[in-house]
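Visitor: Can you walk me through this one? Quick version, please.

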Amino acid sequence: MDTVRILAVDDHEMTTLGYKYILEDADFKDFNVKVEIAKSFDKGKDKIEFSKRSIPFDIILLDIQLFSAESKDPRTGVDLGIIARKEVPNSKIVFMSSYSDNYRINNIFKTVNPDGYMVKSEIDEMSLKTMVETVMNNPPYYTAGALAAIRRRMANDIIIDDQDQKILYHLSQGIHTRDIAPLIGSANTTVEARKRQLKALFDIKNGNDLALIKEAKNRGFL
């Protein structure tokens, strides 16, 4: 019987061990599963690069947050996904994250175009098993929360660029306009001008930042 090789990368080892025990014990019709784990960005990168020289993984499971909140390291599972796409293009990539907001999910689809996305709060033994079967035979696979975010965005006929998207995201995180400019490599006046354009686009010209955030959420941009 064939073996499906999976790499699970998450800074919480108990999470990856859970995936390992569930999937290796699951009863698949056409294959067995073998799961390797990596609990850091660098260890995951090493395993991906080594697999390029040996046998690439069939599926790579990636968490987004791979460093503690106190860490100054900006690298994420998205960066690891970009590396995997380049180094082992035939490996399927699935994100396993607690994040379910539209901004993160849609950004991941633009940069990595994964074969699946599972919101952690929606993961159980059955969904893990179904994910592997679907990704191996007929990808993609999404849990309900991820699919809802994708559908909301697809249903919206308003188009905004990456800079606008970043401004909306930072505003939604409570960051002041004056502090957003350096985060996106722009000037304060540019941020203010883009905010005015967004309010006009969303038909809330006289609204404040809270109104802008609310409307962006309603339209599926956050």
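Guide: Buried here means under 20% relative accessible area, exposed over 50%, and partly exposed in between, with a 1.4 Å probe and protein chains only. On that basis, 44% of the 222 residues in the protein are buried. This is a predicted model, where local features need pLDDT of at least 70, side-chain atom pairs count only at pLDDT 80 or more, and totals for chains, interfaces and linings use all residues. Residues are numbered from 1 along each chain as its sequence is written, and side-chain values use heavy atoms, leaving out hydrogens and water.

Visitor: How many helices and strands in the protein?

Guide: Ten helices and six strands. These are DSSP runs numbered from the N terminus: helices are H or I with at least four residues, strands are E with at least two.

Visitor: At what angle do α4 and α7 pack?

Guide: About 150°, with the axes 11 Å apart. Helix α4 covers residues 102-111 and α7 covers 162-172. Axes are lines fitted to C-alpha atoms over the stretch in contact, and angles run from 0 to 180 degrees between N-to-C directions. The pair is therefore roughly antiparallel, a label for angles over 145 degrees.

Visitor: Which residues make the contact?

Guide: Tyr-103, Arg-104 and Lys-110 of α4 meet Asp-162, Gln-165, Lys-166 and Tyr-169 of α7. Contact means heavy atoms within 4.5 Å.

Visitor: Switching topic. What box do the C-alpha atoms of the protein fill?

Guide: Roughly 65 × 35 × 30 Å, taken along the principal axes.

Visitor: And what share of contacts with a separation of 6 or more joins residues 24 or more positions apart?

Guide: 65% in the protein.

Notes:
Angles under 35 degrees count as roughly parallel, over 145 as roughly antiparallel, 65 to 115 as roughly perpendicular and the rest as oblique.
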